[in-house]
Amino acid sequence: MGAYANLTAYFKEIASNLLAIGHTDSKPRFFRKEIDEFFNSINLVSEGPVLLLQSSDYSIDNNDQDNPLKRMNISFIVCKHVPVSDDFSGRDAAYDQAAELVDEIIRKIWYDSIERSNSAFADISLESWNVQPIENFADYWYGQYAALTFICDHDMIPDATKWKSGYVIINPDYVGND
């Protein structure tokens, strides 16, 4: 699997195993960034919180020429439907539950980045995160948006097996990312 497929599988696993979300095929509670997937299942998700994987991107920071860092940004939303527009207590409860679930998801990601070598987050460090309330007043969805930044070393040596023979010649004395 590629990096985005691994990330999607990881978040789907979280949504399936986190009791408050409880994603299943018959009661979908996990959705990728394709908003159509969410709206096509909107009638099935109205009772509980959902996890939406929003985006994933990265940049390379090369301030130290010998040790560039890959900085990955991942965002997700945990939200819940509150069916009555003026149910302010329901909104507050949705915000609070979403904040609690986001915190638990971040703890799991942080733990997996240290302890699980088979995780989508193995060998990377959670550098920072930002969580803020999010709402859709038109459809009565309330929750929390989380943006996480991870860092890891980024190998800048080309993989010679991915090029025509002889095009990439790696100097055997090159030390690279030490």
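How do the residues of the lining of the largest pocket divide into nonpolar, polar and charged? Ten are nonpolar, three are polar and two are charged, where Ala, Val, Leu, Ile, Met, Phe, Trp, Tyr, Cys and Pro count as nonpolar, Asp, Glu, Lys and Arg as charged, and the others, Gly among them, as polar. The structure is a predicted model, in which local features need pLDDT of at least 70 and side-chain atom pairs pLDDT 80 or more, while totals for chains, interfaces and linings use all residues. Residues are numbered from 1 along each chain as its sequence is written, and side-chain values use heavy atoms, with hydrogens and water left out.

The largest pocket has a volume of about 320 Å³. Closest to its centre, among the 15 lining residues, are Ala3, Tyr4, Ser56, Lys70 and Met72. A pocket here is an open set of points on a 1 Å grid over the protein atoms alone where a 1.4 Å probe fits, with protein on both sides within 12 Å along at least five of seven lines; lining residues have an atom within 4 Å of a point. The volume is the space filled by probe spheres set on the points, which are joined across faces, edges and corners. Helix 1, strand 2 and strand 3 each supply at least two residues of the lining; helices (H or I, at least four residues) and strands (E, at least two) are DSSP runs, numbered from the N terminus.

Aromatic rings form three pairs in the whole structure; rings of Phe, Tyr and Trp (its six-membered ring) pair if their centres lie within 6.5 Å, and planes under 30 degrees apart count as stacked, over 60 as edge-to-face and the rest as tilted. Tyr10 and Phe11 make an edge-to-face pair, at 5.9 Å centre to centre and 80° between the planes. Phe11 and Phe76 make a tilted pair, at 5.4 Å and 50°. This second pair links helix 1 with strand 3, its partners being 65 residues apart. Tyr10, Phe11 and Phe76 form one aromatic cluster.
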